[in-house]
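Please read them with the structure open beside you.

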Amino acid sequence: MRKHTRAALLCVAAALTLTACAAGKGGGSSTDGAAAAPGKDDKLTLTVWSNYSDREYEEVTKALKTFNKKFPNIEIKHEGSQDDDKITAGIRSGNTPDVALSFTTDNIGQFCSSGAFQALKPYIDRDKVDLNQISPAVREYTEYKGNRCAMPMLTDVYAMYYNKDMMSAAGVTNPPKTMDELYDAATKLTKKAPNGDIEVAGYLPTMGFYANRPTILAPSYDAAWETADGKSALASSPGWTEMMKFQKKLVDFYGYDALERFRAGLGQEYSADHAFHQGKIAIMMDGEYRTAFLKAQAPQIKFGTAPFPTLKADQYGTAFTTGTIMGIPKGAKNPGAAWELIKHLSFDTDTIVDLANGIKNVPSTKAAMESSKLEVDEQFKTFIDLAKSNKLKGNPVTPIGDAHIKAVTDFSVSYQSGKVPDLQAGLKEVDKNIDDQIAKSGK
Amino acid sequence: MAATLGARPAPGRGRARARHRLAVLGFMAPAIIGFVLFFGYPLVATVVFSFTKYDLINAPEFNGLDNYTFMFKDPLLIKAITNTLWFVVVLTIARTVFALGVASVIARLKSGVGLIRTLCYLPSLAPPVAATLVFFMVMRPNGGPLDSVLGWFGLDSPLWFSDPGWAKPGITAIMLWISGDLMIIILAAILDVPQEQYEAAELDGAGPIRRWWHVTLPTISPVLLFGVVNSVILALQLFTQAVVAGSAGSGAADATGSTKYLGFPDNSTLTFPVYLYTQGFRYFDMGYAAAMATVLFIISFAVTIVLVQRMRKNSSAEEGGPGA
């Protein structure tokens, strides 16, 4: 028996040691100061991980190659289809890229607070980089509590898309600007079969479907995520209540069951079968990238774009923004060269404009947005104008990934289905759950 | 014999025995090393992490029982446990009965056995993501093939992956479609039942149903119990199909990262492993995820022990016969 106990203790001790070793891995270059830029004769290879694939991968690779004009001695190895799970696993195992590109701005809080992405302030201070070239909202979603650990590589701006033919057929002369106008337009544009089935939905209010995410919709309702003391503000910020009520009013107009049956038959968000491409919805919220999808996959659809309607008229022109972020992961082998590449992609106007034209995203600097080389048509102009405005709002940054976003989405779906008897009490409960989750993270 | 009992073994024989043990250990070493490295160490590490605050990047910090106490105020955890228990009960029964039914039918076929057996087994070879997406397309309301067929009879298709009440049955249907592996095992057991037993039962006047009930079923019961254990573990670990079906139902099957809506609709597809993944890799709380994994392991282990004991009891009762 004693033998067994001793063996068990030895096993636990060995496991604890191994665990501590494994957990301590991933360290590397110091984050105290800025690593030196590479010399003109230094031969090195920079590894870049991104989640791009297919055509977009080719465009980003082309943009990365422009770095060779400044540093012909640096070879760039671009690996696509690398999501945040792989980046995190790479950091833990010591197999880190020099530059990581992430689509998931929801994770910036974790990346900055955990040190997964190195602090960029020493580099920014050393090179006297003027961050004012980037709009405040974009600056916000690339840092956490003053710790800048990422830079933007283009941005996405969200606005309203509307089907011009359907609008004129329904007698809606102008794109709606307020939620009341949106409701009126949605009801006029909706077509129902004699048996009550929905054939065309004017505007689909279902939370969680396509771009109907709380982060994207919140600016239109002036809904705040945090109180002044950093607590979840769902119950205290009136915008959330108004958002829920507006969505519920539309759901009731369609009838929940009819709406769900209609929605369940719609195509996937990034497929050619998308409901707007198929003429099954007349108005929707989406990012600027949809202009390229529509032209490629549904050229028959005549569409217009405009700022999304807002709750109050004076808020019109506000929009949500997010985008791809770039950082130097902990343990990167060539942090100095990695910063030079990030700086190049963040501020080299020609590179940004070419890439924006290639993948139809909004440039992240003011200079690139003003460039005559930027391809701006009637539909894309809406997004550029919104990006230039000072009404953009960025992604809420927390250390808990997208837990808060899921909590709001879940609640909204329940509310729309009629399962929530007391809206305010429900929102308070969600506030508590979000605050508990953040408190548990200890950050 | 008695004289040799108390005697010390000859030094030569002792050395031979030690050499034998060493040889056995040497042959077993790869398996032992693999077990320790890929099962023992992760298991112990998971238990250790469950008492820490761990964000995957920095060294874990001991936080006592915080992760376990948080479980009591986490509303989604209750939902995830309920969903998984639903699958443990319904999926286990449905999968075992379905595989048994299909195997019993195939065992009685006179012609085309090879083709039908292959057709029934093939879906289990499909990658889970692809299989789930294909099933989703087939079951899609408003124009999907199943909806069209039901429409011929004036019926509406259920909103399989959009209605919280139908999402779990929908996933169960997918799991049945890909249960060919269990079907093949049960079929092999049925074909292995001694023919004489059927002949004896037939002489005693038993018809096909009574022969199946009194001969086939008792003989293959150890295999069925294996099927039950296997299905329970499968249900406890249900992940891929739940994530893909939920994402496709929310219209985001082709989305990446956090734009995928896990648990859709209304968290009805949020199984315990999906929530564990969410906490660990989307909320970066690996300590809490480890605590959840520890709880899942204890439950799986307990269920398996109970079922294996039951299986052993059944086997020994069969070997001993009546009155044993």
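A residue is called buried if 20 or more other C-beta atoms lie within 10 Å of its own, exposed if 12 or fewer, and partly exposed in between, with C-beta atoms placed from the backbone. Helices (H or I, at least four residues) and strands (E, at least two) are DSSP runs, numbered from the N terminus. This is a predicted model, in which local features need pLDDT of at least 70 and side-chain atom pairs count only at pLDDT 80 or more, while totals for chains, interfaces and linings use all residues. Residues are numbered from 1 along each chain as its sequence is written, and chains are lettered from A and ligands numbered from 1 in the order in which they are written.

1. Let me start with confidence. The model scores ipTM 0.80 and pTM 0.84. Within chain B, helix 9 (residues 180-191) has the highest mean, 96, and helix 1 (residues 2-5) the lowest, 46.

2. Over residues 1-5 of chain B pLDDT stays under 50, and the model gives them zero contacts beyond four places in sequence; two residues are in contact if their C-beta atoms, placed from the backbone, lie within 7 Å. Where pLDDT is low, predicted coordinates should not be read in detail.

3. Now the overall form of chain A. Its secondary structure comes to 18 helices and twelve strands. Of the 443 residues of chain A, 52% are buried.

4. How is chain A divided into domains? Domain 1 takes in 29-155 + 323-387, and domain 2 takes in 157-320 + 398-441; such bounds come from an automatic or database domain assignment. The C-alpha centres of these two domains of chain A are 30 Å apart. Contacts join 15 residues of domain 1 of chain A to 18 residues of domain 2 of chain A. On the domain 1 side, helix 16 of chain A gives the most, with six residues. That side divides into five nonpolar, eight polar and two charged residues, where Ala, Val, Leu, Ile, Met, Phe, Trp, Tyr, Cys and Pro count as nonpolar, Asp, Glu, Lys and Arg as charged, and the others, Gly among them, as polar.

5. Helix 16 of chain A deserves a look of its own. Thr382(A), Phe383(A), Leu386(A) and Ala387(A) are buried in this helix. Seen down the helix axis, the buried residues fall within an arc of 130 degrees, so they line one face of helix 16 of chain A; the arc is that of the directions from the axis to the C-beta atoms. Glu378(A) and Lys381(A), on the other side of helix 16, are exposed. Among the partners that the buried residues pack against are strand 6 (151-163) and strand 11 (319-327) of chain A.

6. Last, the chain interface. Here 42 residues of chain B are in contact with 50 residues of chain A. Helix 2 of chain B gives the most to the chain B side, with four residues. The residues of that side divide into 23 nonpolar, ten polar and nine charged.

Key. pLDDT = per-residue confidence, 0-100.
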